[in-house]
Amino acid sequence: MRDRILLLLLLLAAIALPWLAEAAGSPATTGLATRMAIYAIAAASLNLVLGYGGLVSFGHAAYFGLGGYAVGILYAHWRSGEAFLGLIPGSISLPVTLGAAMLAGGVSAAILGALSLRTRGVQFIMITLAFAQMLFFLFVSLKAYGGDEGLSIRRRGEFPGLDLRDAAQLYWLCLGILVLWLGLLRRVAHSRFGQVLAGARQSERRMAALGVAVYPYRLVAFILSGMGAALAGALMVNALRFVSPDMMHWSKSGELMIMVILGGLGTALGPVLGAVALVGLEYGLSGLTEHWQFILGPILLLVVMFARGGLMSLVRRLLPA
Amino acid sequence: MSGPLLRIENLQKRFGGLRATDGLDLEVWPGELHALIGPNGAGKSTAIGQITGEIAPDAGRILFGGHDITRLPAARRVRRGLSRSFQVVQLLDDATAEANAALAVQAAQGHSFRFWRDATRDESLLAPARALLARAGLPAARHAMPAAGLAAGERKQVELALALAASPRLLLLDEPMAGLGASESRAMTETLRGLKGQVAILLVEHDMEAVFALADRISVLVHGRVIAAGTPGAIRASPEVRAAYLSDEDGL
């Protein structure tokens, strides 16, 4: 009960943030919060496989980037008026481009997941990384869509009833999608499917002895996770009005992993905390010095060493369940 | 169905130069408690691995309920009704005893591609789960304990409950007494006595007191093959069995 009230208050504060930022004379804060919300969607998606499923995917930037490129490519074709592959007309309608991004993320996660999930442990980490790097270099070489320079997107997507050129409205849209996505993931985690996924993390052998072959469950989790990462990527490209292969770089995969681990593996809100903390730290520290990573490293180290279970475990120490 | 429930024909498995299973023949009949015993290194673990599907045999056949399951994956064998317990208990240690059993009930009910309803509060899973734990002898007060926090004997009980969830036709118990104290061992013997007749059991066990108290028939495995099979009385009297065990210092 107390937790619910706190969550509601937090949500209200998050909704009020653009007005507070305006009143405090720092409207840029809204843009920062938008990035936090978007990364939280991506981190929460990764958490489904990494936290609940125990599958260390080191290639989730691939789906993040694919979602981004879905928006960028549809925009480019909308502008030129030529259909993509001669079939698919371009679009700047946000429901269409977000749907396309999730489809692209889901289909590619189905293919890459089907192959990667045949391996275990370190091999799985390396193969997910390798696939992501292949996609990274594919987009670097795609000169039609800007190659390594990326694509600028002059117009944000259009969403019925919203004006997304307004930073506050874009923020509220991202916040709303984040809340919906977290609610969905929470249900999935508690469902029968989620129980099998968590069981597979703890003992694949035990699951086989219960008559459950875990591969199809892991694959579906991987697909859901890829779709969520692509959704986040699509929103990020709308927020930044720019997409480049950097979104797919392996360091981005690492950042997403850091958010999940920093926030708390296998917890509903941990990835959100992790995303807020990492994006906030990057922003705050890079304002102090250009060598901000020199400070970020030890901070991450301290959290990992002294707060097993991440920031969420610190919160739980202050507010026992 | 008439005929044996489990029939193993001329099973062979080599690891390099070692013939771990060397022409193993074994039959388990419906309703019987069949004990498989043998000195250390006789090939019991390799035999279990092949029956459950974790180890692929080099040659020979395994028939279950008249169907050839020699190449069937482990999970599919369980769904056919061949359930097993592990010698080294395999539980989901983060979950409670009840949640472990609930997941087993869920697995027995069919596929788990259900994404919406909260399985952790689903009475159609939790009620049968509690009944299974009770049947395996775990007191209700311990159901909410995380599996990692249970005593060795209690973990063996949960292990048994998970094996029972699939409503198996054959229960393969891999040393259910291993690591138990004397009183825990007696409690497990009583639990197994209660299960006798309800389900066929293939009991692999070192505890000879329990084996001779429970078994309808006993097969003795030495060097990867069965050297003697029969009633407990006949096995006790067999000079071959005595020789095999005396040379191993295990004692019979």
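# Briefing on a predicted two-chain complex

In chain B, 6 strands make up an open sheet with mixed pairing, in the order β6-β7-β8-β3-β9-β10. The strands at its edges are β6 (82-85) and β10 (225-230) of chain B; each has a single partner strand, so one side of each is left without a neighbour in the sheet. From one strand to the next, the twist averages 20°. This is a predicted model, and the predictor gives the complex an ipTM of 0.91 and a pTM of 0.93.

- Strand β7 (residues 170-174) of chain B and strand β8 (residues 200-204) of chain B run parallel and are joined by 5 bridges.
- One residue pair can be located within these strands: Leu170(B) has Ala200(B), in β8(B), as its bridge partner.
- Helix α5 (residues 152-165) of chain B lies across β6 and β7 of chain B. The angle between helix α5 of chain B and β6(B) is about 170°.

**The sheet of 4 strands in chain B**

- Another open sheet in chain B is formed by 4 strands in the order β2-β1-β4-β5, and its pairing is antiparallel.
- β2 (18-28) and β5 (67-68) of chain B are at the edges of this sheet; because each has a single partner strand, one side of each is left without a neighbour in the sheet.
- Strands of a sheet pair through backbone hydrogen bonds, and the pairing is either parallel or antiparallel.
- Strand β1 (residues 6-15) of chain B pairs with β2(B) over 8 bridges, in the antiparallel sense.
- Arg7(B) has Glu27(B) of β2(B) as its bridge partner, and Leu6(B) has Val28(B) of β2(B).
- β1(B) and β2(B) form a hairpin, with 2 residues between them. In the turn, Gly16(B) has a positive phi of about 60°.
- Helix α1 (residues 44-52) of chain B lies across β1, β2 and β4 (59-64) of chain B. Helix α1 of chain B runs at about 60° to β2(B).

**Domains of chain B**

- Chain B is divided into two parts: domain 1 covers 1-81 + 168-252, and domain 2 covers 95-167.
- The centres of domain 1 of chain B and domain 2 of chain B, taken over C-alpha atoms, are 26 Å apart.
- Where they touch, 12 residues of domain 1 of chain B are in contact with 9 residues of domain 2 of chain B.
- On the domain 1 side of this contact in chain B, helix α6 (residues 182-195) of chain B gives the largest share, 4 residues.
- That side of domain 1 of chain B has 7 nonpolar, 4 polar and 1 charged residues.

**Contact between the chains**

- Chain B brings 26 residues to the contact and chain A brings 20 residues.
- On the side of chain B that touches chain A, α2 (74-80) and α3 (97-108) of chain B each supply at least two residues.
- By class, the side of chain B that touches chain A has 15 nonpolar, 4 polar and 7 charged residues.

**A helix pair in chain A**

- Two packed helices are described by the angle between their axes and the distance between the axes.
- The axes of helix α4 (residues 94-116) of chain A and helix α9 (residues 215-240) of chain A cross at roughly 145° and come within 7 Å.
- The crossing of α4(A) and α9(A) is right-handed.
- Residues of α4(A) in this contact include Ala101(A), Gly105(A) and Ala109(A), and those of α9(A) include Phe222(A), Gly226(A) and Ala230(A).
- The contact of α4(A) with α9(A) has 15 nonpolar and 8 polar residues, and no charged ones.

**Confidence**

- Chain B has an average pLDDT of 92, and 97% of its residues score at least 70.
- Within chain B, confidence is highest in α3(B), at 97, and lowest in helix α9 (residues 239-246) of chain B, at a mean of 80.
- Where pLDDT is low, the predicted coordinates should not be read in detail.

Conventions: Residues are numbered from 1 along each chain as its sequence is written. Chains are lettered from A and ligands numbered from 1 in the order in which they are written. This is a predicted model: local features need pLDDT of at least 70, side-chain atom pairs count only at pLDDT 80 or more; totals for chains, interfaces and linings use all residues. Domain bounds come from an automatic or database domain assignment. Two residues are in contact if their C-beta atoms, placed from the backbone, lie within 7 Å. Ala, Val, Leu, Ile, Met, Phe, Trp, Tyr, Cys and Pro count as nonpolar, Asp, Glu, Lys and Arg as charged, and the others, Gly among them, as polar. Two strands pair if DSSP finds at least two bridges between them. Axes are lines fitted to C-alpha atoms, for helices over the stretch in contact, and angles run from 0 to 180 degrees between N-to-C directions. pLDDT is the predictor's confidence in each residue, from 0 to 100. A crossing is left-handed if the near helix is turned anticlockwise from the far one by less than a right angle, and right-handed if clockwise.
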